[in-house]
Amino acid sequence: MKVIIPAAGYGTRMRPHTHTRPKPLVPVAGRPSLAFVLDALEPLPIEEIIFIVGKMGEQMEEYVNKHYKYKTRFIEQRVMRGQADAIALARDYVQGDLLTLFVDTLFEANLDPLK
């Protein structure tokens, strides 16, 4: 299974926190919101996580590579045309099972049925 995480937005409603870091790295309860999403994926057979990043995307890449062992791909969304356009940027890399998660939507769910 592949996972797409669109995370290229500017986070304008979270300023000033997003002036120096992308929204997925803003701490929530002491950890970046991205950590909650990535931790929830651990029980699944993840083939690759594709991040759609924007400005400051290198910070996300550094964080993920430092804290997680997932195979990853980072695609830059240069022009902000919404979430559907962001997901479409990964179309050449996805065949088969796919899960799309939004990093600003924290959730608790039993993901075992996805195995």
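## A charge over a ring

Arg31 lies over the face of Phe36, at 4.1 Å from the ring centre. A charge sits over a ring if NZ of Lys or CZ of Arg is within 6 Å of the ring centre and within 35 degrees of the ring normal.

This is a predicted model: local features need pLDDT of at least 70, side-chain atom pairs count only at pLDDT 80 or more, and totals for chains, interfaces and linings use all residues. Residues are numbered from 1 along each chain as its sequence is written, and side-chain values use heavy atoms, with hydrogens and water left out.

## Strand E4, covered on both faces

Strand E4 spans residues 48-53. Helices (H or I, at least four residues) and strands (E, at least two) are DSSP runs, numbered from the N terminus. Six of the six residues of E4 are buried, so the strand is largely enclosed by the rest of the structure. Buried means under 20% relative accessible area, exposed over 50%, and partly exposed in between (1.4 Å probe, protein chains only).

In a regular strand the side chains alternate between the two faces of the sheet. On one side of E4, Glu48, Ile50 and Ile52 are buried. On the other, Ile49, Phe51 and Val53 are buried too.

## The neighbours of E4

Two strands pair if DSSP finds at least two bridges between them. Strand E1 (residues 2-7) runs parallel to E4, and six bridges join them. Here Lys2 has Glu48 as its bridge partner. Strand E5 (residues 72-76) also pairs with E4 in the parallel sense, over five bridges. In that pairing, Ile49 stands opposite Thr72.

From E4 the chain crosses through helix H2 (residues 57-67) to E5, and this β-α-β crossover is right-handed. That is, with the strands pointing away from the viewer, the path from the first strand over the helix to the second runs clockwise.

## Lys2, a buried lysine

Lys2 is found in strand E1. At 9% relative accessibility, Lys2 counts as buried. Its side chain reaches the backbone oxygen of Tyr93 at 2.6 Å. Such a polar contact is a pair of N or O atoms within 3.5 Å; within protein, one must be able to donate a hydrogen and the other to accept it, and residues adjacent in sequence count only if both atoms are side-chain atoms.

Not counting residues up to four places away in sequence, Lys2 touches Glu47, Glu48, Ile50, Tyr93, Val94, Asp97, Leu98 and Leu99. Contact means heavy atoms within 4.5 Å.

## Helix H1

Helix H1 covers residues 33-40. Its buried residues are Ser33, Leu34, Ala35, Val37 and Leu38. They pack against E1, E2, E3, E4 and H2.

## Aromatic pairs

A search of the whole structure finds three aromatic pairs. The rings of Tyr68 and Tyr70 have their centres 6.0 Å apart and their planes at 15°, so this pair is stacked. Rings of Phe, Tyr and Trp (its six-membered ring) pair if their centres lie within 6.5 Å; planes under 30 degrees apart count as stacked, over 60 as edge-to-face and the rest as tilted.

Tyr68 is buried at 11% relative accessibility. Tyr70 is buried as well, at 18%. Together with Tyr63, Tyr68 and Tyr70 form one aromatic cluster.

## Positive phi in two loops

Ala29 is not a glycine, yet has a positive phi of about 55°. Ala29 is found in the loop between strand E2 (27-28) and strand E3 (31-32). With a relative accessible area of 75%, Ala29 is exposed.

Met56 is not a glycine either, and has a positive phi of about 70°. Its place is in the loop between E4 and H2. Met56 is buried, with a relative accessible area of 14%.
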